[in-house]
Amino acid sequence: MRLSGFTDYSLRVLIYLAAKPGRQVTIREIAGSFGISAHHLTKVVWFLGQHGWLSTVRGRGGGIALGRPAAEIVVGTVVRATEAQTRPGDCFGQQPDACRIARVCALRGVLHDALEAFYAALDRSTLADLVRNAPALAEVLFVRSPPASLQARFA
């Protein structure tokens, strides 16, 4: 299974905030750290805030922070919400008849089981589990000057 860019960015934002909890940061700071567009992160941050995973404060001195403790944010829940259109095959769509063999094909059951196993594995981890190596993450994420390769992409 391949996660969408939206899910990838959502998890990056959450990991960034959980790696150094208790402070507010800006979207631009996160974008600069990962070398990605702040514009793309704006929609992600809004979505995460709508689900209560982030708290946002607008204006001068504002920023974003985790909306709940990292130990309460289950990775599987985040991925389910961000991958709302997850369909491993046409037979999972709105029109199961889109596939000629859907009525007699066993693949749908196999794919369903695989998807359930995928989410079961994600449900065993929280955001806190993902940042158990916070000191190593901090060395990479919170450097004063990102590597030149990221600076060039972000400029």
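1. A residue is called buried under 20% relative accessible area, exposed over 50%, and partly exposed in between (1.4 Å probe, protein chains only). By that scale E29 is partly exposed, with a relative accessible area of 29%. R23 is partly exposed too, at 28%.

2. A word on the model. It is predicted: local features need pLDDT of at least 70 and side-chain atom pairs count only at pLDDT 80 or more, while totals for chains, interfaces and linings use all residues. Residues are numbered from 1 along each chain as its sequence is written, and side-chain values use heavy atoms, with hydrogens and water left out.

3. Salt bridges come next. The term means a side-chain nitrogen of Lys or Arg within 4 Å of a carboxyl oxygen of Asp or Glu. The structure has four of them. One joins R23 and E29, at 2.9 Å from N to O.

4. R80 and D123 form another salt bridge, with the closest N and O atoms 2.8 Å apart. R80 belongs to helix α4 (residues 75-82) and D123 to helix α5 (residues 107-123), so this pair ties together parts that are 43 residues apart in sequence. Helices here are DSSP runs (H or I, at least four residues), numbered from the N terminus. R80 is partly exposed at 35%. D123 is partly exposed at 34%.

5. R132 bridges to D129, the closest N and O atoms being 2.4 Å apart. R132 is exposed, at 65% relative accessibility. D129 is partly exposed, at 27%.

6. Now the aromatic rings. Rings of Phe, Tyr and Trp (its six-membered ring) pair if their centres lie within 6.5 Å; planes under 30 degrees apart count as stacked, over 60 as edge-to-face and the rest as tilted. There are four aromatic pairs in the structure. The F6 and F47 rings have centres 5.2 Å apart and planes at 80 degrees, so they sit edge-to-face. F6 is in helix α1 (residues 5-19) and F47 in helix α3 (residues 38-50), so the pair ties together parts 41 residues apart in sequence. F6 is partly exposed at 24%, whereas F47 is buried at 16%.

7. F118 and Y119 also pair edge-to-face, at 5.2 Å centre to centre and 70 degrees between the planes. F118 is partly exposed at 24%. Y119 is buried at 6%.

8. Y16, F34 and F142 make up one aromatic cluster. K20 lies over the face of F142, 4.9 Å from the ring centre. A charge counts as over a ring if NZ of Lys or CZ of Arg is within 6 Å of the ring centre and within 35 degrees of the ring normal.

Note on methods:
Helix = DSSP H or I, 4+ residues; strand = E, 2+ residues; numbered from the N terminus.
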